[in-house]
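Here is a short report on one protein chain. Look at the fold first, then read on for the details.

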Amino acid sequence: MQKKDEFLKLFLDCNNRLYCYILTFVPNKSEADDVLQDSALLMWEKFDNYEKGTNFFSWACTVARNKVFEHYRSKKRFSNLIDNELIEDIGSNFGFSSQQENLKLSALNGCISKLSDNDKGLIKARFTKGTSLKNFARDTERSINTVYKRMAYIYTMLESCIERTLKQWEQG
């Protein structure tokens with residue numbers, strides 16, 4: 001009985017924030033509801049793996065993020081999302097601390113999904129393929145100055161989006 005009570009308290013304390021988090025990736029409310037339910041069920045099943053005293057919301061977000069990816073794979077729409085490796089590469093360039101890393105990486109994923117295809121292409125080339133900005137400019141027949149300005153703009157937009165998203169989750 002104690003396990004059940006502890007789980008319910010922790011889950012209900014972050015339920016709204018977790019739902020907002022899931023909506024960042026799954027904008028369809030019906031599908032987001034399903035992902036939340038699937039996540040809650042898996043969290044309950046894996047609650048013995050949760051390390052008491054650590055950040056439950058961060059753990060819940062990790063479970064939910066995996067359920068989001070599973071959801072898209074089952075819908076055959078996963079290819080439209082940016083892969084985890086890219087998100088982690090970009091996240092390391094933002095200097096995320098280990099304590100908040102999961103939340104910030106998740107926020108980053110949602111923010112990247114809002115970028116235009118061209119901006120996603122630039123980010124992918126830079127971080128996944130390791131293409132230098134100079135080579136990217138040459139390959140896309142753009143001036144290096146234009147590419148630098150665009151990259152700076154993308155960084156600024158991602159930082160702002162991450163901050164807004166995290167604030168929204170805190171208030172949710």
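## Conventions

Helices (H or I, at least four residues) and strands (E, at least two) are DSSP runs, numbered from the N terminus. The expected span of a helix is 1.5 Å times one less than its number of residues.

This is a predicted model, in which local features need pLDDT of at least 70 and side-chain atom pairs count only at pLDDT 80 or more, while totals for chains, interfaces and linings use all residues. Residues are numbered from 1 along each chain as its sequence is written, and side-chain values use heavy atoms, with hydrogens and water left out.

## Overall fold

The protein chain has eight helices and zero strands. From the N terminus on, its elements read α-α-α-α-α-α-α-α.

Of the 172 residues in the protein chain, 41% are buried. Buried means under 20% relative accessible area, exposed over 50%, and partly exposed in between (1.4 Å probe, protein chains only). Contact means heavy atoms within 4.5 Å. Among contacts in the protein chain with a separation of 6 or more, 66% are between residues 24 or more positions apart.

## Helix α8

Helix α8 covers residues 144-171. Its 28 residues should span 40 Å at 1.5 Å a residue, and the end C-alpha atoms are 41 Å apart, which agrees. The buried residues of α8 are Val 147, Met 151, Ile 154, Leu 158, Cys 161, Ile 162, Thr 165, Leu 166 and Trp 169. An α-helix has 3.6 residues a turn, so residues three or four places apart point the same way.

Thr 165 belongs to α8. Its relative accessibility is 5%, so Thr 165 counts as buried. Leaving out residues up to four places away in sequence, Thr 165 touches Thr 24, Ala 107 and Cys 111.

At 33% relative accessibility, Ile 144 counts as partly exposed. Its C-alpha atom is separated by 7.0 Å from that of Leu 133, eleven residues apart along the chain. Not counting residues up to four places away in sequence, Ile 144 touches Leu 133, Lys 134 and Ala 137.

Glu 141 sits in the loop between α7 (133-139) and α8. Its phi is near 55°, a positive value in a residue other than glycine. Relative accessibility is 76% for Glu 141, so this residue counts as exposed.

## How α6 meets α8

Two packed helices are described by the angle between their axes and the distance between the axes. Here axes are lines fitted to C-alpha atoms, for helices over the stretch in contact, and angles run from 0 to 180 degrees between N-to-C directions. The axes of α6 (residues 117-127) and α8 come within 11 Å and cross at roughly 100°. The two helices are therefore roughly perpendicular to each other. Angles under 35 degrees count as roughly parallel, over 145 as roughly antiparallel, 65 to 115 as roughly perpendicular and the rest as oblique.

On the α6 side, Asp 119, Leu 122, Ile 123, Arg 126 and Phe 127 take part. They meet Val 147, Arg 150, Met 151, Ile 154 and Tyr 155 in α8. By class, this contact of α6 with α8 has seven nonpolar, no polar and three charged residues. Ala, Val, Leu, Ile, Met, Phe, Trp, Tyr, Cys and Pro count as nonpolar, Asp, Glu, Lys and Arg as charged, and the others, Gly among them, as polar.

## Helices α1, α2 and α3

Helix α2 (residues 29-45) has 17 residues, which should span 24 Å at 1.5 Å a residue; its end C-alpha atoms are 24 Å apart, which agrees. Its buried residues are Glu 31, Ala 32, Val 35, Leu 36, Ser 39, Ala 40 and Met 43. They pack against α1 (2-25) and α3.

His 71 lies in α3 (residues 56-74). At 11% relative accessibility, His 71 counts as buried. A polar contact of 3.0 Å joins its side chain to that of Glu 31. Such a contact is a pair of N or O atoms within 3.5 Å; within protein, one must be able to donate a hydrogen and the other to accept it, and residues adjacent in sequence count only if both atoms are side-chain atoms.

Phe 25 is placed in α1. It is buried, with a relative accessible area of 5%. Phe 25 and Asn 109 are 84 residues apart in sequence and 7.8 Å apart in space, C-alpha to C-alpha. Not counting residues up to four places away in sequence, Phe 25 touches Val 68, Tyr 72, Ser 106, Asn 109 and Gly 110.
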